[in-house]
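Okay, I'll keep this short.

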Amino acid sequence: MKHTIEAPLTEEKARELKAGDIVSINGIIYTARDAAHKRMVSLIQEGKPLPFDIRDQIIYYVGPCPAKPGDVIGSAGPTTSSRMDAYAPELIKLGLKGMIGKGLRNEAVIDAMKSCGAVYFGAIGGAGALIARSIVAEELIAFPDLGAEAIRRLTVKDFPAVVIIDSDGNNLYKTGREKFQIVTP
Amino acid sequence: MRTIHIDSIIEAVEKLCMDSNYYLNDDIIKGLEKGFNAEESDNGKEILSKIIENAKIAKERSMAICQDTGMAVVFMDIGQDVHITGGSLTDAVNEGVRRGYEKGYLRKSVVRDPIDRINTKDNTPAVIHYNIIDGDKIKITVAPKGFGSENMSGLKMLTPSQGIEGVKSFIIETVEKAGPNPCPPIVVGVGIGGTMEKAAFLAKKALLRPIDIRNDVPYLKELEEEMLERINRLGIGPSGLGGRITALGVNIEVYPTHIAGLPVAVNINCHATRHSEIII
């Protein structure tokens, strides 16, 4: 199914999305990669507030290129999500509803997604120049010393993604591959 | 003895960093188009068409094909009759990288130490491979390497008894394990033989060969073709969503090795198998 979804995302809406759905995302999303995740989880452990209210938010795993003069952002495709697996369950438990990235997730992330009603979206790896066109505003909100890895608030319009893993744990990477794999004896 | 000033090295490296990140080479574009025609999965076709469109946008707008503009891998083939003046050659290469990544609005992805992980903020240092060749010219190749795919690469010291079947299994295993992570469709560089580091180097070098040119050693040509076919039977497909086109090409290089060993390295690259060359 094709869906247009608004970010932030409610649990109700997140639970409606199914693996294989093609989505177009509008609204506010946040960027974070390895270094920002590490810091966010440290803040949680210290009992300090996160740089943004994580409830119902979507985090995009991206470290964009610098914007050329006149542009909102440089090339901005997804990075490999599994590097965030160590941190994601903690954030999902605090209300994170969506993650956008590429590649496999581990069981701990999928279990947290199922119990809290979160979704894992895939963006097209290697299509950073194309994806940048759907980012209409960008603001650095935390950890500027991290450079490309700082946390940014992005306003997106028609951001193209696919539901890879839904809140029931269905996984497009598995089902998609099964249809096309040729097993030779 | 021909004299080359480091300024021309700096200038060349600066330009090559930008060019390689903006412009996808023709062999890859052709490979993607061929893949689009052959792909049977709707999702796969859609992803391939977006990747082709992405390359057009990057070229027209002089922007990075992918935000992971890589660690700069620089191959320097230096003629033995060249004398370099004006300062350190290594410093010149790094200065070229520094300027290219800054002026080109490319992402700075290098950390100064693998454990403390402080970003150097200028994408230096590069990984530089020097090679002395005949003649009085310098060939510079800049090949920015993204780590989504680099992280999925592997090396194994096989035993001679495992032979070619062992090599095949390791290639397939590595690609299958990588699954959707390295942004398929991928290009696979394989190095067989030499020592541990030589095999890894050969695998990296193999990625510089256009994907439409096969190894001229008959058994290696066959091996490249067989591996491509078997990888594309895995069903991983573009972006890992399922499909026929998991790889665009497999390039294999070999080197003599020790009586006791059979090193194999598999270096995975995404479709953005970027490299630009110049001869000075």
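This is a predicted model: local features need pLDDT of at least 70, side-chain atom pairs count only at pLDDT 80 or more; totals for chains, interfaces and linings use all residues.

Residues are numbered from 1 along each chain as its sequence is written, chains are lettered from A and ligands numbered from 1 in the order written, and side-chain values use heavy atoms, with hydrogens and water left out.

Chain B splits into domain 1, 2–20 + 65–145, and domain 2, 148–277; those bounds come from an automatic or database domain assignment. Their C-alpha centres sit 25 Å apart.

Counting contact as heavy atoms within 4.5 Å, 17 residues of domain 1 touch 17 residues of domain 2. Together the domains bury about 1300 Å², with 60% of that on carbon and sulfur atoms. Buried area here is the accessible area, 1.4 Å probe, that two parts lose on being put together, summed over both.

How many salt bridges are there between the domains? The count is 1, using a side-chain nitrogen of Lys or Arg within 4 Å of a carboxyl oxygen of Asp or Glu. B:K145 and B:E150 pair up through their side chains in a salt bridge, at 2.9 Å from N to O.

Now the domain 1 side facing domain 2: helix 1 (6–22) and strand 5 (138–145) of chain B each supply at least two residues. Strand 5 gives the most, with 7 residues. Helices (H or I, at least four residues) and strands (E, at least two) are DSSP runs, numbered from the N terminus.
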